[in-house]
Amino acid sequence: MGVTKETIRPGNGQRPKRGDTVQVHYTGTLSDGTVFDSSFKRQRPFTFTVGIGQVIRGWDEGFLTMEVGEKAILKITSDYAYGPSGAGGVIPPNADLNFEVELLSIN
């Protein structure tokens, strides 16, 4: 249970610390491959403060292991995502999620 990372492209060695603001790109899919959200499609990166609960636990933990410039797949079990509640009528209850992510910068 939790989050696992498969690196697609390595980064430059610089990793964020808890409390840093990061800028990322992502595409989120359900386990059947259905895309539920993508900053790549909107052509607008997503910014958040890592490690403080602004995002799902799988993102907080996963992005803390990444380096600037790294592209990876984060496989997140439902207990590290939205759990039994699901989200926004788009993510069903107890859904495991996959995210193709890229850490663009640490601000």
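**Exercise 1.** Which side chain does Thr27 join in a polar contact of 2.9 Å?

*Solution.* The partner is the side chain of Ser38. A polar contact here is a pair of N or O atoms within 3.5 Å; within protein, one must be able to donate a hydrogen and the other to accept it, and residues adjacent in sequence count only if both atoms are side-chain atoms.

A quick word on the model: it's predicted, so local features need pLDDT of at least 70 and side-chain atom pairs count only at pLDDT 80 or more, while totals for chains, interfaces and linings use all residues. Residues are numbered from 1 along each chain as its sequence is written, and side-chain values use heavy atoms, with hydrogens and water left out.

**Exercise 2.** Work out whether Thr27 is buried or exposed.

*Solution.* Start with the relative accessible area, which is 18% for Thr27. Buried means under 20%, exposed over 50%, partly exposed in between (1.4 Å probe, protein chains only). So Thr27 is buried.

**Exercise 3.** Classify the aromatic pair of Tyr26 and Trp59.

*Solution.* Rings of Phe, Tyr and Trp (its six-membered ring) pair if their centres lie within 6.5 Å; planes under 30 degrees apart count as stacked, over 60 as edge-to-face and the rest as tilted. Ten aromatic pairs turn up in the whole structure. For Tyr26 and Trp59, the centres are 5.1 Å apart with 75° between the planes, which is edge-to-face. Next, check burial: Tyr26 is buried at 6% relative accessible area, and Trp59 is buried at 5%. Finally, ring pairs link Tyr26 and Trp59 into a cluster that also includes Phe36, Phe46, Phe48, Phe63 and Phe99.
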